[in-house]
Amino acid sequence: MSDTAETTEEVVVDPNAVNITINGVPHVARKGQLVIDAAADAGEYIPRFCYHERMTPVGKCRMCLVECDSGRGPAVTVSCMVPVAPDMKVDTESPTTKRMQEGILELLLANHPLDCPVCDKGGECPLQDQAFSHGPGESRYVEEKRHYEKPIAISDLVFLDRERCILCDRCTRFADEVAGDALIHFNSRGNNTHITTFPDEPFASYFSGNTVQICPVGALTAKPYRFKARPWDLAQQESTCTTCSVGCRTVVQTSRDELLRVMGVDSDPVNHGWLCDRGRFDFESVKSEHRVQQPLVRVGADLQPATWNSAIAAAAALITEALAAGGAGSVAVLGGARGTNEDAFAWARLGHEVIGTPNVYAQMGDGLPAGLLALPRATIDQMASAATVVLLGPDLKEELPVLYLRLRAAAEKGRTRVIEFAPRHTGLTSYAWKHIGYEPGTQVQAMKSALADEAVAAQLAAGPVVVVAGRANLAESSAATVAAVREVLAAVPGATVLPAFRRGNVVGALQVGMRPRPGGLDTRGTLQAAAAGKIECLVLVGADPLSDFPDTDLARRGLAGATRIIAVDTFVTESAARANVVLAASAYAEKSGTHTNLEGRVTSLAAAVTPAGNCRADWMIAADLALELGTDLGYGSVADVTSDIAAKVAGHAGVTPDAVAGDGVLAEVNPQLDPMNQVEVQVGERNAYEYRLVVSRVLYDQAVGTAMSPSLAHLTRASAVHLHPLDIERVGTTDGARVKVSSTRTSVVFGVVADPSVLRGTAWVPFNQPGPEVGELIDCFAAVNDVRIETI
């Protein structure tokens, strides 16, 4: 008997592998994979117009016809509609395939105008490219081509040229399947079929720019880019959108040192290639003529241009005077969410280490406590694949649009059930498995009642649970949402949290240090202290409390009470106009660095154009100011700051230049973040004659990036109070009339709008819109804000 036992290695067969042959070369495809995708994996490109990886295949254009043999002989097959089968033989280069592709192209070009030299799509047009690579070379059609009126403005941002349309169904499928805004459709039949919108209803989708990007011809063009440049004139760099905290991957395209276009990049963990229109088009603000292009120093009553040396010296003198007058605790630094991680880290070091103040904070009183980031974090992908998502946050469609697309897709496809808690109907309400409306002040009770429901309890036990938590109402204390989150986590111990913080890089700023040290003040506390005359120097790093802080009265009193103000900004905002020194900061695409999105994913930001005028990156301003105050931060380049973050910030050791490229890298949860303190909030019964105030943001508001982008500025809505139609009758007024809305603070006159999405007994007003300021009514120290509405 042998001393060694003979062993046989067991062969593991992949049950999802499908063996096929493509153009005579064996290939292993995946079960259920479409032929067109399997060919792409094998390195064989099958031409297409209608097919898009992120949408349902429809087989409309027929350009992807190939020959497939599944055992019964070769057959003409629409490769975007047919999945692979065992032992299938695919031929993408047979004479029959080539003859069919030539015929399809000849038919498509029969009526397509040959206006490539003046078409915005020329040079990056799939029809143009495939006419050269797969076309017949010449057409047999000599008849007059059909003509339509052109171009047609189907929205404020998108123009339609029906003569160029090849009826691929991409735009209509995107609007219906992805965006959920089925506002663009096919009309007529046969040869007269064309794309159109409903009469008197524009293509008013927040995502309309995506249809321009995916259009395979020049039928849809974007107003901000029309006739601006040719593709071969453009330089491009991959970057990240910083308009909100989703962190969509983009390509920034420039020509002659001018930012001309932003395109979505298909990042699988984040945005799938989609962008909201605000993120796509607000680049116009970067080249605004109203930019601050050099430092400003107050001389008498006016801000006057100054050199960087004199401005830095003046700012350092203000800080030194403040330290002498009131100590380190009399200095506060607010902001940091607008810039890069490097900007925030440099300013955090300046505030905490150089100045020595604990009063540093990145939020503007419109989010949840930073301790939310210390909870077990979910990713966007985990949210989109969870069995249940508990939504305790804002209207995602308005504040985090691409996160809305991801969650909507998960709900539509049946992967995820959404339990939505909201003080009014949102863009996701119609897709929610259960919508639980609550009056402000009753959020915790609504959560407890829902958790006691047997159906809800069973659903929460059905699989992974993700809580999407954010600030749904700026007129209600954040403590209620914190308490509701704790109720869910107590009921479902394994649940994870995806923070629905809104501001571009607020998660990154908080994680790298723009948060109070022990005993430090948050934004509300800072403004309160300033109003009481206890803040000797207030530093605003891209922050505009007068526009962004919910309690306008406190913001106004805080800025009036601050003895000295230093603003670091790209524009002279309402708050910056009150500063003693304004330091001109570089804007988006003018500086490189890194960005952290709401799931903690760190990605790269590209410097694509030269900074306007004499602007500098925020981190450079912080380093210069620290040097003037006697401390060298040791930064000579942005790479130095990135390396310092990796070395000093817990959870960021893996954040290296190589790691942040492409889809980026997930930073670990920072263990130094303080846990959220639970605050008990007592809310009394609402007076029957009053209405509980709900205030939240919508996509287009008076934010600087929107207001300074000509294509977006006019899309804001007028400030108005929205009431349920039955409450309008109760008030004794009519839709469109003017009413007086009174709180404990003051009275403001608004127009009134009948809105069935508003709960009875509540009044909703969008924040930061043109017209009367709802912030005048808000008391940020109150648990809820009740208002009385009277006719005038």
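Visitor: How many nonpolar, polar and charged residues are in the lining of the largest cavity?
Guide: This is a predicted model, where local features need pLDDT of at least 70 and side-chain atom pairs count only at pLDDT 80 or more, while totals for chains, interfaces and linings use all residues. Residues are numbered from 1 along each chain as its sequence is written, and side-chain values use heavy atoms, with hydrogens and water left out. A cavity is a set of points, on a 1 Å grid over the protein atoms alone, where a 1.4 Å probe fits but cannot get out, and lining residues have an atom within 4 Å of a point. With Ala, Val, Leu, Ile, Met, Phe, Trp, Tyr, Cys and Pro as nonpolar, Asp, Glu, Lys and Arg as charged, and the others, Gly among them, as polar, the lining has ten nonpolar, four polar and six charged residues.

Visitor: Which element gives the largest share of that lining?
Guide: Helices (H or I, at least four residues) and strands (E, at least two) are DSSP runs, numbered from the N terminus. Helix H5 (209-214), strand S10 (220-222), strand S13 (258-264) and helix H6 (277-281) each supply at least two lining residues. The largest share is four residues, and it comes from S13.

Visitor: What is the volume of the largest cavity?
Guide: Grid points are joined across faces, edges and corners, and a volume is the space filled by probe spheres set on the points. Among the 20 lining residues, Val-212, Ala-222, Tyr-225, Arg-261 and Met-263 are the closest to the centre of this cavity. Its volume is about 220 Å³.

Visitor: Which domains each supply at least three residues to the lining of the second largest cavity?
Guide: That cavity holds about 150 Å³ of space. Asp-366, Gly-367, Glu-399, Arg-471 and Arg-502 lie nearest its centre, out of 15 lining residues. Going by domain bounds from an automatic or database domain assignment, the answer is domain 2 (296-367 + 505-666) and domain 3 (370-499).

Visitor: Which residues touch the most other members of the largest nonpolar core?
Guide: A nonpolar core is a set of buried Ala, Val, Leu, Ile, Met, Phe, Trp, Tyr and Cys residues joined through side-chain atoms within 4.5 Å. Buried means under 20% relative accessible area, exposed over 50%, partly exposed in between (1.4 Å probe, protein chains only). Of the 189 residues in this core, the ones you want are Val-246, Trp-347 and Phe-421.

Technical notes. 1 Å grid on protein atoms, 1.4 Å probe; cavity = no way out; pocket = protein on both sides within 12 Å on 5 of 7 lines; lining within 4 Å.
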